[in-house]
Amino acid sequence: MKDLAQTFEYLKQFLTEERLAKIEHFSQESSDFVLPVMDDVYQFRNAAAIIRSVEACGFHKVIAMEEENVFNPNLTVTKGAETWVEVEKMPKNISSLQQIKDRGYKILAVSLEKNAKMLPEYDVTEPIALVFGTELEGVSEEVIDFADETLAIPMYGFTKSFNVSVAAGICMYELKQKLMKSGIDYKLDNRKLMEMKIRWAVNSIRSGKEIYAKYLKDHHL
């Protein structure tokens, strides 16, 4: 932890006062308590819109499970959100979901199948990974069978589903409101918080990756 703090202290000299103030301010509300998992999303505009919604709600990590499609956000749509959101890519398979589960997450497939619980009534009591499916087919049956529960957004018209990016935005916002009212300690622990601030600083600095790599090499970290 001491090494992380010293690393961030070093990187701060390359940041403007305005950027440093933003990092300090917005990092305090960051959380990975709700982890969005994209199940082979292929439209780059949807990928970008998801990243933007996730960041706006203070969740700064997304897992992209890839098979046929590459998760490649359109930077004109993200409005800079990709600077702040970490995207971890994993193969599209049950083994990847098991790895996420092993990290302490309950797996929730966003689908009407399997006696889904409705989002407004859902109580968040532990870290959850929300799996969103492809634009055409939704969450696969294999994922639904593996999931601990399914979660659905109630709809009131003839349309049977939301666009995946809209669904992600609704879920992340609604769950953030629930967490803020819950009394649960949903924010990042000190180590994760410092690691994220370092990542943000590196992404904010011109040639940040090179500066960061040299610092690590010089300090044998």
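**Figure 1. Serine 207, a partly exposed residue between two helices.** Serine 207 counts as partly exposed, at 42% relative accessibility. Buried means under 20% relative accessible area, exposed over 50%, and partly exposed in between (1.4 Å probe, protein chains only). Serine 207 sits in the loop that links helix H8 (190-204) to helix H9 (208-218). Its phi is positive, about 60°, although serine 207 is not a glycine. The model is predicted: local features need pLDDT of at least 70, side-chain atom pairs count only at pLDDT 80 or more, and totals for chains, interfaces and linings use all residues. Residues are numbered from 1 along each chain as its sequence is written, and side-chain values use heavy atoms, with hydrogens and water left out.

**Figure 2. Histidine 220, in the segment after H9.** Histidine 220 is not a glycine, yet it has a positive phi of about 55°. Histidine 220 counts as exposed because its relative accessibility is 73%.

**Figure 3. A patch of negative charge on the surface.** Glu113, Glu141, Glu142 and Asp145 gather here. Patches are made of residues with over 30% relative accessible area and no salt bridge; like charges are joined within 9 Å, and nonpolar side chains (Val, Leu, Ile, Met, Phe, Trp, Tyr) within 5 Å. A salt bridge is a side-chain nitrogen of Lys or Arg within 4 Å of a carboxyl oxygen of Asp or Glu. Aspartate 145 belongs to helix H6 (residues 141-146). Aspartate 145 is exposed, with 60% relative accessible area.

Figure 4. Valine 124 lies between strand S5 (117-118) and strand S6 (128-132), in the loop. Tyrosine 215 is 91 residues from valine 124 in sequence. In space, the C-alpha atoms of valine 124 and tyrosine 215 are 40 Å apart.

**Figure 5. The whole protein, as context for the close-ups.** The protein has 9 helices and 7 strands. Helices (H or I, at least four residues) and strands (E, at least two) are DSSP runs, numbered from the N terminus. Of the 221 residues, 47% are buried. Along the principal axes, the C-alpha atoms fill a box of roughly 55 × 40 × 30 Å.

Conventions:
Accessible areas come from the Shrake-Rupley method with a 1.4 Å probe; for residues, only the protein chains shown count as cover. Lys and Arg count as positive and Asp and Glu as negative; His and the chain ends are not counted. The place of a charge is taken as NZ of Lys, CZ of Arg, CG of Asp or CD of Glu.
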